[in-house]
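Take a moment with the model below.

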Amino acid sequence: MMTSFVFCKSSCGILLNCGHTCKGCCYVCSDANIHALCTEKCDRFLNCGHKCSGYCGSPCPPCKEKCSLVCSHRTLCINLCYRPCVHCEENCSRGCEHVGKCDKKCFETCSVDICKQTCREILPCGHRCIGFCGDPCPYLCRVCNRDDLTSNDPDNDFFVELDDCNHVIEIGEFEEHLENCIDCFIWPNCPVCNKPIRKSSRYKNILLKAKMSVLNSCDNSDEIDEVSIFLIHCFLKIR
């Protein structure tokens, strides 16, 4: 007498490493001990700061969002993230009496260091600026807005205001955060709200370094990109 086998056709349901449940057939996963590729949206943050638009179980495709880096001349890069930026051909505007004037073009790495001298400007309220030479003055005042300054020593620390989100952050804390971002291949962002930093004259060289990291991690061939994405979609449809 032949024994008939009943194959379970229910979804596997095992929790995958990505946190989603396996949608493969139970008997296939159990027999082969290999789970189906996850077909949920990935939503991981790429090293450009945008979310991945691919599928969770597949390699992240190159980012198809606009780069959106903005230079000090307010030139907005409209190329896709994984493409080199549109070059601003203006002369670099960075520099001051303390570090000298940058002699490079805007799209090139600055030839001068970041100025670490504090700003001498007087705010409309009559108190001294809490920022640095060459930077826009932060809108917060050490006297008038003392409770809004988040630092260990608000009476003596100095701050930067981020153009992208307007958060005012103590300089030491922020620069340590930037170093961690670069070391971990994360796009520089605000440590308060995590918004990617797309415009900063002071940290232009760091943004250029981050952009180069994005370009180095991407395959810049349109043909290969499109074929890869096409094959992934075909595979998912077959499943």
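Strand E1 (95–96), strand E3 (159–161) and helix H3 (204–217) each give at least two residues to the lining of the largest pocket. Helices (H or I, at least four residues) and strands (E, at least two) are DSSP runs, numbered from the N terminus. H3 supplies the largest share, seven residues. This is a predicted model, where local features need pLDDT of at least 70, side-chain atom pairs count only at pLDDT 80 or more, and totals for chains, interfaces and linings use all residues. Residues are numbered from 1 along each chain as its sequence is written, and side-chain values use heavy atoms, leaving out hydrogens and water.

The space in the largest pocket is about 950 Å³. Its lining has 49 residues, and Val-70, Cys-71, Ser-200, Ser-201 and Lys-204 are the closest to the centre. On a 1 Å grid over the protein atoms alone, a pocket is an open set of points where a 1.4 Å probe fits, with protein on both sides within 12 Å along at least five of seven lines; lining residues have an atom within 4 Å of a point. The lining divides by residue class as follows.

| Class in the lining | Residues |
|---|---|
| Nonpolar | 26 residues |
| Polar | nine residues |

Now the fold. The chain has four helices and four strands. Along the sequence they follow the pattern α-β-β-β-β-α-α-α. Of its 239 residues, 35% are buried, meaning under 20% relative accessible area (1.4 Å probe, protein chains only).

The largest nonpolar core has 26 residues. Such a core is a set of buried Ala, Val, Leu, Ile, Met, Phe, Trp, Tyr and Cys residues joined through side-chain atoms within 4.5 Å. Cys-48, Val-160 and Trp-187 are among those with the most contacts inside it. H2 (171–183) and H3 each give two or more residues to this core. H2 gives the most, four residues. A second, separate core has seven residues, including Cys-12 and Cys-38.

Where is Cys-63 found? Cys-63 lies in the loop between helix H1 (26–32) and E1. Cys-63 counts as buried because its relative accessibility is 6%. Contact means heavy atoms within 4.5 Å. Leaving aside neighbours within four places in sequence, Cys-63 is in contact with Leu-46, Cys-48, His-50, Leu-80, Cys-81 and Tyr-82. Cys-63 and Cys-48 are 15 residues apart in sequence and 7.8 Å apart in space, C-alpha to C-alpha.

Key: Points joined across faces, edges and corners; volume = space filled by probe spheres on them. Nonpolar A, V, L, I, M, F, W, Y, C, P; charged D, E, K, R; others polar. Buried < 20%, exposed > 50% of the residue type's maximum accessible area, 1.4 Å probe, protein only.
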